[in-house]
Each structure stands twice: as C-alpha cells, then as structure tokens.
Amino acid sequence: MITIRRAAERGHFNHGWLDTYHTFSFDQYFDRDHMAFRSLRVINEDRVEPGVGFPTHSHRDMEIITYILEGALRHQDSMGNGSIIEPGDVQRMTAGTGVAHSEFNPSQSQSVHLLQIWILPNRKGLTPGYEQKAFSEEERKGGLRLIASSDGRAGSVTINQDASIYATILEQGEAAKHELVSGRHAWIQVARGSITLNGEKLGQGDGAAISDETELRIEGSDRCEVLVFDLA
C-alpha cells in the first residue's frame with residue numbers, strides 16, 4: 001500500500017528569512033493526521049536566506065539529520081563541534097540528554113536549501129553525539145547509496161534507531177530498486193525533480209508512506225534526487 005503525501009498539503013510558513021515546509025506536525029503546524037510515520041518524526045524542507053539562520057536553541061531525545069541540497073550551512077553546538085555542511089554532506093546529531101546548537105547560512109549571496117530530518121531514538125537519555133560524512137554525487141547517481149543506518153555499515157552515519165536511509169540521484173529514465181523485508185515499512189521523499197514509484201507519479205516535495213510492499217521501483221521522470229527511509 002502506498003499513501004502519498006503531496007507537497008502542497010504540507011504545512012507552510014514563509015518568515016521572510018526562512019521559507020519552510022513541514023511534512024509532519026512541527027512547531028506552529030499541527031496536523032493530527034500527520035504526526036509521524038513509524039520512527040520518522042520530522043521532514044522539514046527549508047530555504048534560508050543569505051547571512052541569516054537559526055540562533056542557538058536546544059533539542060533532546062531525537063536523532064537529527066541534516067541533508068543539504070544547495071548552498072551551505074554553518075553548524076555550531078554545545079558539544080564543541082563547528083562545521084560547514086555542503087551538498088553531499090550528511091550530518092547526524094544525537095540530541096540525547098540535551099544539546100544546544102545554531103545553524104546559519106554563511107553566504108552573503110546564496111540561499112541554502114536543505115532537508116532536516118528527525119528520527120525518534122530507540123531510547124531516551126542517550127549521550128549526545130555528532131557525526132558528519134560526505135557522499136559524492138557519483139556515489140549517489142544511478143542507485144541507492146546508504147547514508148545512515150543503525151550500525152554505520154558501508155560508511156554511513158550511525159543513528160540510534162532501527163532505520164536505514166538511502167539517497168539517490170537519477171537521470172530521466174534511470175531506475176533504482178529497493179526490497180522491503182516482510183514487516184518493514186518505507187517512506188520516500190522526493191527532494192527535487194519527479195519520479196514514478198511503483199506506477200505512482202510523485203513530484204518535488206511529495207512523500208509516500210509504504211507498507212505491505214515487497215519491492216520499490218523508483219524511476220526518474222526527469223533528473224531527480226530522492227531519499228528512501230527503510231523503517232521498522
């Protein structure tokens with residue numbers, strides 16, 4: 001069964017410096033029918049204007065993953081980490097018992113376009129942690145590249161949950177397949193471009209919840225970038 005969450009149905013706020021879409025309930029946006037899917041709690045698509053960003057704020061008991069599509073984001077946190085996150089980089093922050101961080105667009109001319117993802121951890125009270133790895137466009141082109149997993153296999157970042165996240169960049173007509181083990185579920189998020197998923201058309205910003213399927217076939221209708229979440 002595939003249930004599509006259309007881009008236009010998401011929560012949307014334009015704050016001037018921040019243009020943001022919320023796939024699931026978040027902050028000022030509440031939708032009791034879209035609170036989460038399995039352990040996937042947040043997918044926010046953000047565009048941040050040049051020279052501005054999110055001042056220092058706190059999180060706890062969440063696995064936070066940042067995926068940059070265009071531009072760059074400067075990260076600083078209470079653990080002492082400081083970095084620039086660029087396209088191809090995947091950042092994982094385990095908020096655990098509590099972390100404060102800030103995120104700013106360091107460019108004075110280019111906006112930054114990103115997805116911020118929150119996954120519920122497998123338990124509360126984890127020790128805060130941080131990890132950042134780069135995955136080249138070549139690694140992600142034409143097939144599914146594992147970028148996050150519970151065990152850090154294949155060079156992915158490690159998350160404290162029984163979940164695996166894959167990224168792919170497909171040209172028009174290219175296809176990627178993913179097999180779902182019995183009892184597992186998936187979420188597909190189209191970061192840009194458009195695809196056909198098991199015969200269903202999805203465009204930029206669309207998502208899809210998948211249960212009781214054995215194989216996912218993702219075909220690029222044009223050049224596209226897609227995230228695949230394999231969830232318990």
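1. Start with Trp187. This residue has a relative accessibility of 3% and therefore counts as buried, the cut-off being under 20%. Bear in mind throughout that the model is predicted.

2. Trp187 has an aromatic partner, Phe24. Four aromatic pairs are found in the structure. In one of them, Phe24 and Trp187 sit 5.1 Å apart, centre to centre, with 55° between their planes; the pair is tilted. The two residues come from distant parts of the chain, 163 residues apart. Phe24 is in the loop between β3 (18-22) and β4 (40-48), while Trp187 is in strand β17 (residues 185-192). Phe24 counts as buried because its relative accessibility is 2%.

3. Together with Phe24 and Trp187, Phe37 makes up one aromatic cluster.

4. Look next at Phe26 and Trp118. Their ring centres are 5.2 Å apart and their planes meet at 75°, so this pair is edge-to-face. Phe26 lies in the loop between β3 and β4, and Trp118 in strand β11 (residues 112-119), so the pair ties together parts 92 residues apart in sequence. Trp118 has 13% relative accessibility and so counts as buried.

5. Leaving aside neighbours within four places in sequence, His59 is in contact with Trp118, Ile64, Met93, Ala95, Gly98, Val99 and His101. His59 is part of strand β5 (residues 53-59). Is His59 buried or exposed? Its relative accessibility is 13%, so His59 counts as buried.

6. Which side chains make polar contacts with that of His59? One is the side chain of His57, at 3.2 Å. Another is the side chain of His101, also listed above as a contact, at 3.2 Å.

7. Now the largest pocket. Its volume is about 350 Å³. Its lining has 20 residues. Leu18, Phe26, Asp27, Asn44 and Phe54 lie nearest the centre.

8. Where does the lining come from? At least two residues each are supplied by β3, β4, β5, β10 (99-104) and β11. Strand β5 gives the most, with four residues. That is the strand that holds His59.

9. What classes of residue line the largest pocket? Nine are polar, eight are nonpolar and three are charged.

Key
Residues numbered from 1 in each chain as written. Predicted model: local features only at pLDDT ≥ 70, side-chain atom pairs only at ≥ 80, totals over all residues. Heavy atoms only, no water. Buried < 20%, exposed > 50% of the residue type's maximum accessible area, 1.4 Å probe, protein only. Polar contact = N/O pair within 3.5 Å; in protein donor to acceptor, adjacent residues only side chain to side chain. Contact = heavy atoms within 4.5 Å. Phe/Tyr/Trp six-rings, centres within 6.5 Å; stacked < 30°, edge-to-face > 60°. 1 Å grid on protein atoms, 1.4 Å probe; cavity = no way out; pocket = protein on both sides within 12 Å on 5 of 7 lines; lining within 4 Å. Points joined across faces, edges and corners; volume = space filled by probe spheres on them. Nonpolar A, V, L, I, M, F, W, Y, C, P; charged D, E, K, R; others polar.
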